[in-house]
Amino acid sequence: MIIKQLELTHFGKFNNEVVEFKPGMNIIYGENEAGKTTIHTFIRGMLFGIEKRRGKVTDKDIYTKYEPWEEPANYQGKMRIQENGVNYRIERIFAKANKDFKVINEDEGVELTESEISSLFAGLDESCYYNTISISQLGSVTDKELESILKNYAANLGATKTMDINIKGAIADLDAQRKAIASEKQINQEDVLKHELMNARDKLDISEKEQHTIIAGIEQKKSELESMSEEKSELSIKDKKRFEEITKQNERREKLYQEKMNYRADVDKFETDLYNVREKKAELEESLKEEGIENGEGLDRIMTKVVKRTNFPIFLTILTVAFFGGAIGLFIGNYNAIMANLGLKTLIQPLICVGCGVLTLIGAIIRFFVNKKNKNKRLEEIKELRKVIEQYEAVKHEEAYMERQHKAKSDALNKTIILMKHEEENEIETNEYSKELEVLETKERDLREGISKSQWMIEQKQERDIETRRAIKECKEKLIEIGKAKQEIEAIEEAKASIEEIATDIRNNFGKKLNERASYYMEQITNGKYDSVVIDGKLNISINSKHSLIPSGKLSKGTVEQVYMSLRLAAADIIFSEHPMPILLDDAFAMYDNKRMGNTMRFMATGMQQTIMFSCHTREKVMADRLGIDYNLIKL
């Protein structure tokens, strides 16, 4: 297959970029960030597609990295190739929303079917692409890592013709599975489990025998209970009748006792109340005696006398009138003398009478108000006395009522005491059959307790039997799992044997051819310095020089990289023998000196159908010019 043209419609930083390739050597030169890796990724993407990853790494995956900076929905491109003289156009849309892939035969103008596409790219998958025709430098790893990479590469490729299958990894996985199965299923515990299973079965048999014995004892006790039933029934009827009579008598006694207690309480209450009433009555009588009143009629007489009593002071009134009358008499009797000789001597006597009259008048007025006040006070006192009399009358009525009630309750109490004495004299005697019934009930209770205890023992044993059966089941399941695990381990051992047998068979056939082709390429790119690459049965890689056999661990890093390239070219040569593929070199000469690089480029220019070199240096171009190699330069 020859890559003729790339059309990066929208891919990464490129928009409608066209890159032309030719058969033979092609050198893509550009400084860092110029787009070399983008073009390399575009070739791989056109062949195998680019899937968008999920999760936290989405922003770092290839899909996101090369999604167009402009028009991300137009994420697509084309690549033209030539196979066996026929021109094809690969069209691929990477955008997730409208993803599409097709291959068109441009010479005939038809689209290839899926089976035709598979036939066109027969033997080429992404793993094979990365491990054969797409070669990059290994200069960043250590010498020991280089040796390990080289050895693993040769081992897997020589055994399976593809890097998709890792024979050593498969054997290691099977060994890990065998170990995990043996550990998880506890195969080494098989004898212990068998012993535990036997002990559990013996324990279960002993428990079942003990349960049969207990069940027989329960049946015997039940039979004894049934034999007691008739005798107990007869005694129960007699005892029931006696019990009913005793119950009725007890009810009568209880009723009489309650009546006695109630009557006693009532009598005590009335005695207390009667005492309090009599005390109150005595206090009221004493109050009335102090006032000289025996009943309401005496109080009425006093009330009438007080109401009729006048408030005017008669004596002072008469005396006032006498003084004023005497003054008038003196004035009239001595009128002529007074008028003839108007002076203090002639008026002194009348004035003295007037003064005395005024004084007695003032005294009379004062006495009037004092009498009025005393009268009102007396009336209030009479009203209070009337209330006392009313209370006295009420207390007398209450006393009479309580005396009647006290007598009635006392009579009822005495009657109740007589009835209680009568009930005591007529006590119902107990019969002997009640004692017999108690004996039977005791025996019955003992039997039932024995049955309950036996049933509890059976339940306990049955619960332990459940645990024992569960243990038996678990042992059986574990033994079954151990049996299956043994079968799995046997299958794993058979699989290992088959894999090793197949790998040995493939290695014996394919490995010889791989050695031959790798030796050829090693001779060409070292210009005859090393002409033989040897991969022995233990997958050790050596260089057979003219003087000695040199293990890969003793080779320089540059030589080891040449061996690595020889193996990849040999693998591509063998796998794609009928359909040669272009070789893509991504800074593959970074660790080569000029001599190694010149030898390799001279060989590739003549021995390879198409070589595409990606480089950020001008070494390859300068070397090609120095050696006179025809090449196609693509400058980014």
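Biologist: Which residue forms a salt bridge with Arg80?
Modeller: In this predicted model, Arg80 pairs with Glu7, and their closest N and O atoms are 3.6 Å apart. A salt bridge here is a side-chain nitrogen of Lys or Arg within 4 Å of a carboxyl oxygen of Asp or Glu.

Biologist: Where do Arg80 and Glu7 sit in the chain?
Modeller: Arg80 is in strand E4 (residues 76-83) and Glu7 is in strand E1 (residues 2-11), so that distant parts of the chain, 73 residues apart, are linked. Strands (E, at least two residues) and helices (H or I, at least four) are DSSP runs, numbered from the N terminus.

Biologist: What are the ground rules for numbering and confidence?
Modeller: Residues are numbered from 1 along each chain as its sequence is written. The model is predicted, local features need pLDDT of at least 70, side-chain atom pairs count only at pLDDT 80 or more, totals for chains, interfaces and linings use all residues, and side-chain values use heavy atoms, without hydrogens or water.

Biologist: Which residues are linked in a network of salt bridges?
Modeller: The network links Glu7, Arg80, Arg89, Glu91 and Glu106. Within it, the side chains of Glu106 and Arg89 meet at 2.8 Å, N to O. Glu106 lies in the loop between strand E6 (100-105) and strand E7 (110-111), whereas Arg89 belongs to strand E5 (residues 86-93).

Biologist: Is Arg89 buried or exposed?
Modeller: Arg89 counts as buried because its relative accessibility is 17%, where buried means under 20%, exposed over 50% and partly exposed in between (1.4 Å probe, protein chains only).

Biologist: Changing topic, what is the strand order in the open sheet?
Modeller: The five strands run E8-E12-E13-E3-E14, with parallel pairing; two strands pair if DSSP finds at least two bridges between them. Strand E8 (134-136) and strand E14 (631-635) are at the edges with a single partner strand each, so one side of each has no neighbour in the sheet.

Biologist: How many bridges join E3 to E13?
Modeller: Strand E3 (residues 24-29) and strand E13 (residues 610-615) are joined by six bridges. Ile27 has Met613 in E13 as its bridge partner.

Biologist: And what are the overall totals?
Modeller: The protein has 15 helices and 14 strands, and 37% of its 636 residues are buried.
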